[in-house]
Amino acid sequence: MEAVLWQCWRKLLPSQPGVLTQATRRLSSSADPALKVSTTRSTGASPLLVSRLFQPSSLREGQGQESQSGEKTCKSQRLMLQAGLIHPSNPGCYYYLPATVRAIEKLVRLIDQEMQGIGGQKLDMPSLCAAELWRRSKRWDLMGRDLFRLKDRHDAEYCLGPTHEEAITELLASQGHLSHKQLPLLLYQVTRKFRDEPRPRFGLLRGREFYMKDMYTFDTSERAAHLTYQNVCQAYTRLFARLGLQCVQVQADTGNIGGKLSHEFQLPAEVGEDRLLVCGNCAFSANVETMEPGQTDCPQCHKGTLTESKGIEVGHTFYLGTKYSHIFNATFSNPQSKPVVAEMGCFGLGVTRILAAAIEVLSTENAIHWPGLLAPYQVCILPPKRGSKEEHLEGLAEELCHSLGSTIPGLRGEVVLDDRTQLTIGRRLKDAGCLGYPYVIVVGRSAAEDLPRFEVRCQQSGETMFLSREGLMDLLSRVETI
Ligand SMILES: [Zn+2]
């Protein structure tokens, strides 16, 4: 098997050995200042240079409401394309470029903290799911054309998993009888999911291939399962609060997942495709789909009036009961050593969708605003323009970049140096504003004075401050990173 793979790889390699040597020679003879800097990399704190980042800015400037494919667009999609954070591939599929991957990795670390904080254990299941499993739950037919289906060389049928209730329940059932002492079990993964959307749109908000966190829980009783359900909902609420996102938890329809109880976590936004009814008097809110048509009075307090708003669904929770555990015979042994079917729940978070939805609601028309924790880089330092009166401060800017990354533990790998000194400070400030670095530091005229001051622009507050080195260190040591 492996030999075959290697053969395929070898076919792709350049046939003339000269190609590589030429490239190496060109690199080593280059007088590029970036190479000079990169020799300090062994210290682990060499500056990240903007000129070297693979982040093709101005990729699609001047793009209108409709993208090339005729797909509907929105603010987050436009901003992410312009900043070179994503690049379109097939309809509903994107290249996630390096800065986006950094943001996704941060979001996953945050999700790990919250899920493991309530006892979640992370695993990873195959994306290729056997049709046989999906036939047993009857979803092979129910899912219709939303499912990406394929056949292997033996004509065995598979789908690319959009969700994994069947797989996880079968995994649990295959372990033989678990003891009631081992429950609750909270198992989750963060993986790529696939869904053959009829009309992919809005960039990462509605794609065909995306990242999701899906958690599946197993409990000994309905009461225990409800407690687990509440714990996961509380963890979701904490997670959105840490991101600074005002999500609402609304009563929802259970759809084709099935089960008895379900909520959505909705981020109110004009571009949202879900319609919500929110009570003006109490905390009640629901997806329109779950209500009687035309209903305007609140079923909970009977006093308030329901008003409609739009939302982006960023999370979904389901109490499943024994729907899947019954089919796959996922049981545990109770204290009397009798087998009992486990009570299940499943809990999704759209990872790439949360990222885009956050950009959608936090950003202005021209500048990306990230949730602070997710910004790909926290600090951007601008050295003076080449040929300007302050040119001699370039070394100070480099040194500051080093020193921030090495003395403030949270900022390791979080500081970039915009070394494109052929450009004016103004032009680089504009770029930095578009990309949404939470802190931009200008090493300019005020840094050349007897009492050097650094110009610090804080995106969140919109403030510009002139700080001494100590003041700057103090400010940045309080930046929360993950
Ligand atoms: Zn009410």
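The points below go through a predicted model of one protein chain, from its overall make-up to some single residues.

1. Overall make-up. The protein chain contains 14 helices and 23 strands. It has 482 residues, and 38% of them count as buried. Among contacts with a separation of 6 or more, 69% join residues 24 or more positions apart.

2. Helix H12. This helix covers residues 394-407, which is 14 residues. From first C-alpha to last, H12 reaches 20 Å, close to the 20 Å expected at 1.5 Å a residue. Its buried residues are Ala397, Glu398, Leu400, Cys401, Leu404 and Gly405. They cover an arc of only 160° around the axis, so they lie on the same side of H12. An α-helix has 3.6 residues a turn, so residues three or four places apart point the same way. The partners of the buried residues of H12 are strand S19 (379-382), strand S20 (415-417) and helix H14 (469-477).

3. Helices H5 and H11. The axes of H5 (residues 98-117) and H11 (residues 351-362) cross at roughly 110° and come within 10 Å. The two helices are therefore roughly perpendicular to each other. The crossing of H5 past H11 is right-handed. On the H5 side, the residues that meet H11 are Ala103, Ile104, Leu107 and Val108. Their counterparts in H11 are Val351, Thr352, Ile354 and Leu355.

4. Helices H4 and H11. H11 also packs with H4 (residues 75-82), at an angle of about 100° and with the axes 8 Å apart. That angle makes H4 roughly perpendicular to H11. Lys75, Ser76, Leu79 and Met80 of H4 make the contact with Ala356, Ile359 and Glu360 of H11.

5. Burial of H4. How many of the 8 residues of H4 are buried? The count is 7, so the helix is mostly covered. Those buried are Lys75, Ser76, Gln77, Arg78, Leu79, Met80 and Leu81. Strand S2 (86-88) and H11 are included in what covers them. Just after H4 comes glycine 84, with a positive phi of about 70°.

6. Glycine 280. This residue sits in the loop between strand S13 (274-279) and strand S14 (285-287). Is glycine 280 buried or exposed? It is exposed, because 12 other C-beta atoms lie within 10 Å, and a residue with 12 or fewer is classed that way. Apart from neighbours within four places in sequence, glycine 280 is in contact with Gly304, Thr305 and Thr307. Threonine 305 is 25 residues from glycine 280 in sequence, but their C-alpha atoms are 5.9 Å apart in space.

7. Backbone angles to check. Most residues other than glycine have a negative phi, and most peptide bonds are trans. Histidine 302 has a positive phi of about 60° although it is not a glycine. This histidine lies in the loop between S14 and strand S15 (306-321). Histidine 302 counts as exposed, with 10 C-beta neighbours inside 10 Å. Serine 337, another residue other than glycine, has a positive phi near 65°. Its loop runs between strand S16 (331-333) and strand S17 (339-341). Serine 337 also counts as exposed, with 9 C-beta neighbours inside 10 Å.

8. A cis peptide bond. Leucine 183 and proline 184 are joined by a cis peptide bond, with omega about 0°. Proline 184 is in the loop between strand S8 (178-179) and strand S9 (185-194).

Key. Residues numbered from 1 in each chain as written. Predicted model: local features only at pLDDT ≥ 70, side-chain atom pairs only at ≥ 80, totals over all residues. Helix = DSSP H or I, 4+ residues; strand = E, 2+ residues; numbered from the N terminus. Buried ≥ 20, exposed ≤ 12 C-beta atoms within 10 Å, placed from the backbone. Contact = placed C-beta atoms within 7 Å. Expected span 1.5 Å × (residues − 1). Arc of directions from axis to C-beta. Axes fitted to C-alpha atoms, helices over the stretch in contact; angles between N-to-C directions. Parallel < 35°, antiparallel > 145°, perpendicular 65-115°, else oblique. Left-handed = near helix turned anticlockwise from the far one by under 90°.
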